Amino acid sequence: MSIMESTGNKKPRRPRRSFTPDFKAEIVGLCRRGDRSVGQVAKDFELTETAVRDWVKQAEVDAGERNGLTSNEREELAALRRENRRLREDVDVLKRATAFFAKETR
């Protein structure tokens, strides 16, 4: 059985979509209003229930109603991780350059 045959039973994945903060806030507002369940809001807007639940949880964290990293803290953490990765790469390049020049001067 080939790889293509073994994946025949799975639904094709839809392309990853991105949403604006305003759209997410609107969806969270609809969920918080209480007229409809999270599942119903997700269905009405053709979203996954998991994504909508995550947006609601993040809005609760941002509002201080739940423990966790706020959106701003998450952005800062991601930026610090990127910078850390870049600095580690820079250090690695400098180490290799030092080793190269040390070998050349012998």
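Across the whole of the structure, a search identified 5 aromatic pairs. The model examined here is a predicted one. In one of the pairs, the ring centres of F23 and W55 lie 6.3 Å apart and the ring planes meet at 80°, so the arrangement is edge-to-face. This pair joins distant parts of the chain, with F23 located in helix α2 (residues 21-33) and W55 in helix α4, at a separation of 32 residues. F23 has a relative accessible area of 22% and is therefore partly exposed, whereas W55 is buried, with a relative accessibility of 14%. A further edge-to-face pair is formed by F100 and F101, whose ring centres are 5.3 Å apart and whose planes are at 75°. Within this pair, F100 is partly exposed at 44% relative accessible area, while F101, at 53%, counts as exposed. Both F23 and W55 also belong to one aromatic cluster, together with F19 and F45.

Helix α4, which spans residues 49-62, also contains Q58. The relative accessible area of Q58 is 18%, which is under the 20% limit, so this residue is classed as buried. Apart from neighbours within four places in sequence, the contacts of Q58 are with L69, T70, S71 and R74.

The loop between α3 (38-44) and α4 includes E46. The backbone of E46 adopts a phi near 55°, a positive value in a residue other than glycine.

Conventions: Residues are numbered from 1 along each chain as its sequence is written. This is a predicted model: local features need pLDDT of at least 70, side-chain atom pairs count only at pLDDT 80 or more; totals for chains, interfaces and linings use all residues. Side-chain values use heavy atoms; hydrogens and water are left out. Helices (H or I, at least four residues) and strands (E, at least two) are DSSP runs, numbered from the N terminus. Buried means under 20% relative accessible area, exposed over 50%, partly exposed in between (1.4 Å probe, protein chains only). Contact means heavy atoms within 4.5 Å. Rings of Phe, Tyr and Trp (its six-membered ring) pair if their centres lie within 6.5 Å; planes under 30 degrees apart count as stacked, over 60 as edge-to-face and the rest as tilted.
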